[in-house]
Amino acid sequence: MDRVDKMWWQPPEPPFLVGGRPSVEQYYGHRLFLWMPHRLWHVRLTCPQNGCQDQILTAAGIYNRLRTVLDVRSTYLLASEYLSCPNCKRRVISWSWNIIQQLDISKQRTFPCILTAKQACDLKVVRLLRERSLGNSCSQVQRILREQHSEDWLSRNLQYLTHCQSIRDASSAGLILPIIFDEPPKMLPVPQFRWLMHIYLQDVLVRLPEVKAEITSTLGRVLKMDSTKKIVNKLAGPIRGTAMWATNVGNELGQVLLSVITTGEGEALAPMAEGIMARYRAANAPPPEALYIDRDCCGNSPIRRLFHQWQDVPIRLDIWHFMRRIAAAVTTENHMLYAGFMNQLSHCIFMWDTDDLEALKEAKHEELRARDIRSADVMKHISKHELALHCRRSTRGADETKALIGKLLECYRGTVDTMGVPLLRTEAVAVIWAKQQRHLPCIQDPPGVSLYLQTGSMQKGGKLLPTYRCARGSTSLESFHLHLNRFIPGTLVSEVLFQAYLLEGLVRWNQNRAAAIQDIPREVPLSYSHSLQEATNRLSEAVLGRKILPSFNSPRIYTDELLGLEYLLDQTGKSRYSDRGWLEAFQQGEEEIHPDLPATEPTLRVYDDVSGEVYTAATLADLPMPSCVAPVVPLHTTATLADVPTPSSVAPVLPPPIERPLATPVDDTPAVDDTLSAVTHVDEEPPVVPILVDQSGSTGTVDDSVGPDNLPGFSAVQNLAECLVAMVDGNLALSSAQSAEVIRLWRSLSAYDQRRTNFQERFTPHGYHKFRAPKTTKHPGVQSLECSVRGPDSIPAAKPDCSRYVEAVVDRLCQRFRAPTKKHGSRWSQIMAAYNTIQATVQHNGTVMAETGIQLPYLSQQTLRAW
């Protein structure tokens, strides 16, 4: 080998025929990628240190350490060259990001992996992590990688042991002397899913400016705004509990212009609205033609004041939400007449386009005749999907809609099913309809606005029918909320991962929606890397005079709008993450610049598959530089992935914890009600550091031991919990001494822990407002059936954190029952049985109940798991 003319070096292949003892190195060798941009490309690289600007780096040999890179099928090794600065006398490894970013994008894309503090991950694995769909979590990818690596290792073992078997058979036949074979090397372990999570996070943060620019480059002709609460429940860490809504703004294509996490709606969304209006001004785009919302549609509403620069933009109420408001008068959605009522209600609001409907009926008639199906009524064979795909609809007008809905409600008034349960609640129909009539103008189509987009055409019955997509309403955002919840796998995630999952999911969602509308053929390359597509189009225009990807539009510059959790951090007064700060947090874990490392000889042997020679790192460094480019790999190494970096080596710096106000109980005792539910402390007064009075009458300050909530008296809480847990092994009866001990421990509690807890009502009388009838709406005929099944004592369960001593009791029970048993069932059932024993023992003792205020509320396995 006369020169280093390639990057990828392959290990020797196993022999086809063996004449002696097989060598392990021939079967278990690893590939090597030799990254030497300065030596291979003759590029001008400068020192990244402060004070050494434009100081050209010189070659300083090969770095004496290897990185093990996780690939899809196996692992390979990464080696790199040293570069030295004549000015500061420091040496830099060429795989440093400060060096790679000095290369042009074509050379940057040659580098195949992402580095962590000790190891690396190939980009093919990273691409598996990027997909934000149901079930695509890091744990799932880790299982796939483990299966791939295991099968590759087993295949190598099979090949090696097969050749050893042939030699052993020859030895058994007396043809050769007995041979002792080498043991196969162990399989390199695949890192855990947490390591993959940090790899994915680092990948997103590197591309964060590009990701944000793509999101803020999305515009729309018809906008729609809606909020959801489901996704905010996945937030973990100090920021958990501060978010209330995830507000999304979409367009007529189903794309999402913006998604922010907020502490509330209304005026809290003013910065979001200002950012969207500024985005349209920066793009020299006209204001949208319509805005669909689910509330605040009439007059000078809060939404109108939010978008104050768009006074001429008509604001419309989503018709689906309007229909759900009318449906609030329904006794239950399970009623057999409910589906027909909603279908008729839709016909009172919409009417089909006559021309489109006739064209569809003719095409369907020809299709049925070709299939030799005769039917007098063609409409029976037309599905709802075909109607929505090929026919346009329009609203009937406020006056006509008012008359039709009035007749419909009058027609269904008093209508009952076979069991005598009416469909509509008579006392609610008139009130709801009187309040919703004023919104009839708000659900009409804006005049002069085209709400349908032709996405293509389809052959049906020998006729060419157009296909449409409707831009009316905010229903597309309701569908997006389901996918938004799938962007973030698992049940709890930190704020940094939450932000990464959210932004990456938005970019991929928007590109998928645009591709679905444009009907891009399958032979067109699929890539979510906008920098790669933009560079390809730019070079193809310069070289070929045309764009290789004509459907790709370059994103505009990021507009500095707050996205995702940035909006929440700004609202709560927390310091907002910066893109550079995130990246620096990751780079702190990587020792990329080594000032005075000893020049040790690398333990590396590289096999040349052309000449058959084996080279060390020193001989590679002495070879002349080439004029061509190629991809690198070694013979056998003992490198391992076992020492996976800890999260602190790659995780970004998180903001300081949020100081939450502590909840306190109220003084008064609520009335007993079977509708009482989850316990909440609603006293507005701040917690008081109590002064206790003991039995002798002397006063003293409470013990200074504090719990997780930073309140004193935690030791007394633990003592009472220990006494209560000891009742599990009793017989539901307390002796006089035991009762006195419980009373003494209760009196030793702080005043904060002794205050009674107020159980707030979860159920409120039905109000006639905009929301649909909940699925728990009860009618006398339905309620009596459920009560007979559930029983009279069924009440909602509270959470263990309703008070500190209840939480301490449950915590001790969780430590006592750690695993399920065949005799007593699951772990949670054992905890519940023990807690119920404690509850019954305390409540059955009149002395304890009279002298103390101990409250042991009803718990359930569901609230235990949630806690």
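Trainee: In S13, which residue is the bridge partner of tyrosine 292?

Mentor: Start with the general idea. Strands of a sheet pair through backbone hydrogen bonds, either parallel or antiparallel. Here arginine 316 of S13 is the bridge partner of tyrosine 292. Strand S12 (residues 290–293) and S13 pair in the parallel sense, over three bridges. Two strands count as paired if DSSP finds at least two bridges between them. Helices (H or I, at least four residues) and strands (E, at least two) are DSSP runs, numbered from the N terminus.

Trainee: What should I keep in mind about the model itself?

Mentor: It is a predicted model: local features need pLDDT of at least 70, side-chain atom pairs count only at pLDDT 80 or more, and totals for chains, interfaces and linings use all residues. Residues are numbered from 1 along each chain as its sequence is written, and side-chain values use heavy atoms, with hydrogens and water left out.

Trainee: In what order do the five strands of the open sheet run?

Mentor: The order is S11-S10-S9-S12-S13, with mixed pairing. Strand S11 (256–262) and strand S13 (315–317) are the edges, and each pairs on one side only. From one strand to the next, the twist averages 20°. Angles run from 0 to 180 degrees between N-to-C directions, and axes are lines fitted to C-alpha atoms, for helices over the stretch in contact.

Trainee: Which residue stands opposite tyrosine 292 in S12?

Mentor: Lysine 224 does. S9 and S12 pair in the parallel sense, over three bridges.

Trainee: How many bridges join S9 to S10?

Mentor: Five, and these two strands run antiparallel. Serine 227 stands opposite threonine 247 of S10. S10 and S11 also run antiparallel, joined by six bridges. Glycine 250 has valine 256 of S11 as its bridge partner. The hairpin of S10 and S11 has five residues between the strands, and glycine 254 there takes a positive phi near 90°.

Trainee: Which residues of S12 are buried on one side, and which on the other?

Mentor: In a regular strand the side chains alternate between the two faces of the sheet. In S12, Ala290 and Tyr292 are on one side, Leu291 and Ile293 on the other, and all are buried. Buried means under 20% relative accessible area, exposed over 50%, and partly exposed in between (1.4 Å probe, protein chains only). S10 has five of its six residues buried, so the rest of the structure largely encloses it.

Trainee: Which strands does helix H16 lie across?

Mentor: Helix H16 (residues 475–487) lies across strand S9 (222–228), strand S10 (245–250) and S11. It runs at about 45° to S9. Contact means heavy atoms within 4.5 Å.

Trainee: At what angle do H5 and H6 cross?

Mentor: Two packed helices are described by the angle between their axes and the distance between the axes. The axes of H5 (residues 138–172) and H6 (residues 193–206) cross at roughly 115° and come within 9 Å. H5 and H6 are therefore roughly perpendicular. The bands are under 35 degrees for roughly parallel, over 145 for roughly antiparallel, 65 to 115 for roughly perpendicular, and oblique for the rest. The H5–H6 crossing is right-handed. A crossing is right-handed if the near helix is turned clockwise from the far one by less than a right angle, and left-handed if anticlockwise. Cys138, Ser139, Val141, Gln142 and Leu145 of H5 meet Phe193, Leu196 and Met197 of H6. By class, that contact has six nonpolar, two polar and no charged residues. Ala, Val, Leu, Ile, Met, Phe, Trp, Tyr, Cys and Pro count as nonpolar, Asp, Glu, Lys and Arg as charged, and the others, Gly among them, as polar.

Trainee: How far apart are the axes of H23 and H27?

Mentor: The axes of helix H23 (residues 714–725) and helix H27 (residues 804–816) are 8 Å apart, at an angle of about 55°. That makes H23 oblique to H27. H23 passes H27 in a right-handed crossing. By class, their contact has 10 nonpolar, one polar and four charged residues.

Trainee: Is cysteine 47 buried or exposed?

Mentor: Cysteine 47 is buried, with a relative accessible area of 5%. It lies in the loop between helix H1 (37–41) and strand S3 (58–62). Leaving aside neighbours within four places in sequence, cysteine 47 is in contact with Cys52, Gln55, Leu57, Cys85 and Cys88.
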